[in-house]
Amino acid sequence: MKSKRFMRPALGAGLLAVLAACGTPPSAEAPVVLSRERTIIPKPLAVERQAGEFALDRAARIAVPAGDAEFEAAGRFLADRLRASFGLDLPVTAAPPVEATPVVFLSRGGRAELGLEGYALSVTPAAVSVTANGPAGAFYGIQTLLQLLPPEAFGSAVTTGSPLTVPCLRLEDKPRFPWRGMMLDVSRHFFPKEFVKSVIDSLAFHKMNVFHWHLTDDQGWRLEIKKYPKLTEIGAWRVDREDRHWNDRPAQQPGEQATYGGFYTQEDVREIVAYAAARHVTVVPEIEMPGHCLAALAAYPELSCTGGPFTVPPGGYWPIVDVYCPGKEKTFAFLEDVLTEVIALFPGEYVHIGGDEVDKTHWKTCPKCQARMKKEGLKTEEELQSWFTRRIERFLNSRGRKLIGWDEILEGGLAPNAAVMSWRGNEGGIAAAKAGHPVVMTPTSFCYFDYYQGDAAVEPLSIGGFVPLSKVYSFEPVPPELSAEEGAYVIGLQANLWAEYVSTPAHSQYMTYPRLAAMAEAGWTAKEGRNGDDFRERLEFQLLRYDALGFNWARSMFAVKLAPTFDPGTKRLRIGMEAESGRPDIRYTLDGSDPTAESRAYAGPLDVKKSAVVKAGVFSGGRLRGPVTETEFLVHPALGRAPILQFPYRERYAAGGPGGLVDGLKGGKSHTDGRWQGFEGDDLVATIDLGKRKKIRAVEIGFLQNTASWIFFPRSVEVAVSDDGTDFRVAASLVFPIRDETGDVLPETVRLGIENARARFVRVTAASIKTCPERHAGAGGKAWLFADEIIVR
Ligand code: TNX
């Protein structure tokens, strides 16, 4: 099958014109067996399979251009890998070879259109040849070559066995974007140096080239600064409250030791930067300012407006009111000193200065800030932050560096040469690109790897959100609002792993893989070359590589998603099943037992006639691939009878629309699971028409509390009944049994028993607390009430 997918006009004629794309996808039953050239991630620009194979054995050698240290380094990288994984000891020698041995050539040159990161790879029975215009291209050619070998090529346990072969082919490749990044937050939790290196390895393996290192934040300063030793003596340590929810961690008490944390010495940093450079990864340091800096203020409180004292918070800190004071000159002396040391450590062109989520409360009353505003003619505190950023930019530019910051740096006016990282959706990126500034797109809804990737009921606790693998894969970094010219300012994309809820390397890997594979492809592969079904098939092989690498990758895409629909005609609940992994072999039970490979196979939507617990899993080769999904479906008299609401739910939390409260499915542990209806500052008053008079024994209603997201249990709940829908009498009521407003996420179903009622209409009233309570971060702001499901018994 021929396809136009690979034919990018920019590359002109040549190889591309004759290339074949992937064949027809195999049928649902057939196990997917792809030849290796079709398993590469990120997908190359163009691949043409040819007859035959190259045998990689100990007779082979690696030939590099004579006297070319950069290509020799690439050759050695390959030799080291083959030694570690296959025990193959191949010499790296200067080209050109004369003898007729099997050879892997690395050479400079090739088509200019492939750029410095592109490469051409050709494999014949006699030779493998990687041609590139620069060492990064050669390095990526080698990464592709390694993917043409068995997955063990990425392991470090020597495997010998069947002879190693590489399929003969011609391949051309180059990245779509120059910035293909990942951010690691090492402030909220500290991660050891060796782990950081392993992340850099994995970026290189995914052909990603920017490691954005979030080194400072409220909860920890992680970078040794020689001139300010207290930054790491004090700022790198906090009290250990790891046994409590992130948003429910009491501050350090007088006399208590801060023992939890860590930092990187400048020696560590040099080592990491060099390690990254050898893998063509640029390290972009982030030094947060003027907010997200409480750890620094704990060490040097005089840099704040109030003077402190402060301690390093062991958990959530919000709103971020204690920030650097831009009214004081010593703040800038400090920041410039810090940045001077940062610049000396990190050779890359960009320094990230954060800039996000600054609460300006103290600036409004700080005499020094106000004097600064007056002197500089600044009208708002947003302009003060903008002035601050411009001043820091002038400093960085004077040292030959560029400033990049989160999209808040747009507020109050963007610094003249700044680049923007757009995280709160696309808007910031669009505005910056239209104004001619470089933009890295990293919107939360596609790029936040701290968000859930599956059902919260089976996933480890996370900050919230929902960014499954398919969502990441669907990410298009250039927003349609931009013209072609403006779109050129989008220099790339980035995945962000914030670490409030991620405290170990194993968990970090879980959140990262396989989503990073999807992100890598969104950043590397030409837009026309991307296809989700094809990606999923190739991913199976990537997972084997992850296994060889020893990664703790998430099985979330192998979880069954149940898609219930209510048919008002038949009054039946139908349940569809699917999984992100595509064409899965789903097995399920209805009796509460765990599904096995012998359980009933899902062949199409099921009609549920009475309440049932469905347990389902994805299988292949007789093996359960992921978590078992368990959901209770409730068939009850109110099912599908959409209530009339006195106050509307918010669109963001609609639970599928008007019938969301009576769809037979209870809300789960996450407020973003799409099952909860959310009411902002309002009561829930829902009137259900059962169609005719029915005997009612009880009404059950589920509520959720998640105070970190401003969601609170109601004060009280009442059920009233009526025959005509006009005159209601109270049938039952209760004061809500839980008034604990700690950070725990609590779903809770209450039951109101009703004696001897027959009625056609049921009205449920749940009284919201309406405003967030006194000691809550959102005190005085609107409180949310989350409800689901209303069950009539
Ligand atoms: C917002 S993204 C933040 C971070 C948090 C993250 C959690 C950004 C610039 N600021 O401080 O860790 O949300 O998802």
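These notes walk through a predicted model, starting at the ligand and moving on to helices and loops.

1. Ground rules. The model is predicted: local features need pLDDT of at least 70, side-chain atom pairs count only at pLDDT 80 or more, and totals for chains, interfaces and linings use all residues. Residues are numbered from 1 along each chain as its sequence is written, and side-chain values use heavy atoms, with hydrogens and water left out.

2. The ligand's shell. Which residues surround the ligand? They are Arg188, His292, Asp356, Glu357, Trp406, Trp423, Tyr448, Asp450, Tyr451, Ile463, Trp498 and Glu500. A residue counts as near when one of its heavy atoms lies within 4 Å of the molecule. The shell divides into 6 nonpolar, 1 polar and 5 charged residues. Here Ala, Val, Leu, Ile, Met, Phe, Trp, Tyr, Cys and Pro are nonpolar, Asp, Glu, Lys and Arg are charged, and the others, Gly among them, are polar.

3. Atom pairs at the ligand. In the side chain of glutamate 500, an N or O atom is 2.6 Å from a ligand oxygen. Arginine 188 places a polar side-chain atom 2.7 Å from an oxygen of the ligand. For glutamate 357, a side-chain N or O atom is 3.4 Å from a ligand nitrogen. How much of the ligand does the protein bury? Alone, the ligand exposes 360 Å², and the protein buries 93% of that. Areas come from the Shrake-Rupley method with a 1.4 Å probe.

4. H3 and H5. Helices are DSSP runs of H or I, at least four residues; strands are runs of E, at least two; both are numbered from the N terminus. The axes of H3 (residues 193–205) and H5 (residues 266–278) come within 10 Å and cross at roughly 15 degrees. That makes H3 roughly parallel to H5. Angles under 35 degrees count as roughly parallel, over 145 as roughly antiparallel, 65 to 115 as roughly perpendicular and the rest as oblique. Angles run from 0 to 180 degrees between N-to-C directions.

5. H16 and H17. H16 (residues 515–524) and H17 (residues 532–549) have axes that come within 10 Å and cross at roughly 125 degrees. The two are therefore oblique to each other.

6. Loops to check. The peptide bond from methionine 289 to proline 290 is cis, with omega near -5 degrees. Proline 290 sits in the loop between strand E14 (282–286) and helix H6 (294–299). Another cis peptide bond joins tryptophan 318 and proline 319, with omega about -5 degrees. Proline 319 lies in the loop between H6 and helix H7 (329–345).

Notes
A polar contact is a pair of N or O atoms within 3.5 Å; within protein, one must be able to donate a hydrogen and the other to accept it, and residues adjacent in sequence count only if both atoms are side-chain atoms.
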